[in-house]
Amino acid sequence: MKPMFLGFGNSTKIILKELKDIIDDFYYYDEKKITSDLGIRLENFSIPEDCDMVIECASVGAVKKYYREILDSGKDFYILSTGAFADSTFRNNFMKKIVDSKSNIYIPSGAIGGLDVIYSIRKYIDKVFLKTFKPPISFGRNDKKRELIFSGNAIDAINRFPKNTNVSVTLSLAVGSFEKVLVEIYSEPNVEKNIHKIEAISSVGNYTFTFENNQSPNPKTSLLAPLTLAAVLRKNFEKIKIGG
Ligand SMILES: NC(=O)c1ccc[n+]([C@@H]2O[C@H](COP(=O)([O-])OP(=O)(O)OC[C@H]3O[C@@H](n4cnc5c(N)ncnc54)[C@H](O)[C@@H]3O)[C@@H](O)[C@H]2O)c1
């Protein structure tokens, strides 16, 4: 396969390593003009005719800036910076535009899991609680004890912590509601990992998940996040699809 990567940072490099057996060649565009011995660098943003899909591992801003061209190209679009969907204007424009596009949109689980369960029971969900615990440095803070630094929904969370709350947006998209997901973010000096605790209350049952993520070379990004995108891509090549 020959993908085009939007962004050539931490996550793209992890995905390339993870999928080296199925990626034959790739294009990449990064606004920092990063160069590499591997792949084909695009000087300006464009979508080469012969790429198989566009994989965004850049930023919320990149999703908002380039989604129109990507959807016009009809290429499948894999999105890691899901925080873009917290913006209701963007979300509405995006949803209108996909109606006439041939692109399929893939939103990997990112730094959490259990979205197969959440999506399956979405009609029956009363409330979902997400508690995120990260070391103070992740928020540019220096707390000596646990501090609740945010309580609200994912729309407000992403506005306050744009690089830290893709998880709450992905979860809200799986639930199908921003209102039903209550987000709490804690600055926690006693952890080194990025921890997400999810509790879903529904008429199908109650479900609790805990994710204790090791950080990737970019400490703001859990290693799990790019691995879930790689797994979604790999499933395209497998006859047996597990989960969902
Ligand atoms: N869905 C999730 O659960 C989840 C989890 C972790 C990270 N993320 C998101 O994934 C994205 C990538 O994370 P990362 O650790 O690889 O980041 P990174 O900073 O290591 O790499 C991002 C690269 O994208 C480039 N870039 C940013 N905006 C761009 C633009 N408008 N045009 C072109 N290039 C652009 C940067 O120059 C950088 O090289 C981030 O937005 C992050 O918030 C999502």
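What span should the twelve residues of helix α7 have at 1.5 Å a residue, and how far apart are its end C-alpha atoms? I looked this up in the model, which is predicted: local features need pLDDT of at least 70, side-chain atom pairs count only at pLDDT 80 or more, and totals for chains, interfaces and linings use all residues. Residues are numbered from 1 along each chain as its sequence is written, and side-chain values use heavy atoms, with hydrogens and water left out.

**Helix α7**

I found that α7 (residues 224-235) should span 16 Å, and its end C-alpha atoms are 16 Å apart, which agrees. The expected span is 1.5 Å times one less than the number of residues. Helices here are DSSP runs (H or I, at least four residues), as are strands (E, at least two), numbered from the N terminus.

Next I checked burial (buried is under 20% relative accessible area, with a 1.4 Å probe and protein chains only). In α7 the buried residues include A225, P226 and L233.

**Aromatic rings**

My search of the whole structure gave 17 aromatic pairs. Rings of Phe, Tyr and Trp (its six-membered ring) pair if their centres lie within 6.5 Å; planes under 30 degrees apart count as stacked, over 60 as edge-to-face and the rest as tilted. F8 and Y28 have ring centres 4.2 Å apart and planes at 25°, so they are stacked. F8 is in the loop between β1 and α1, while Y28 is in strand β2, 20 residues apart. I noted F8 as buried at 4% relative accessibility, and Y28 as buried at 1%.

How values were computed:
Buried < 20%, exposed > 50% of the residue type's maximum accessible area, 1.4 Å probe, protein only.
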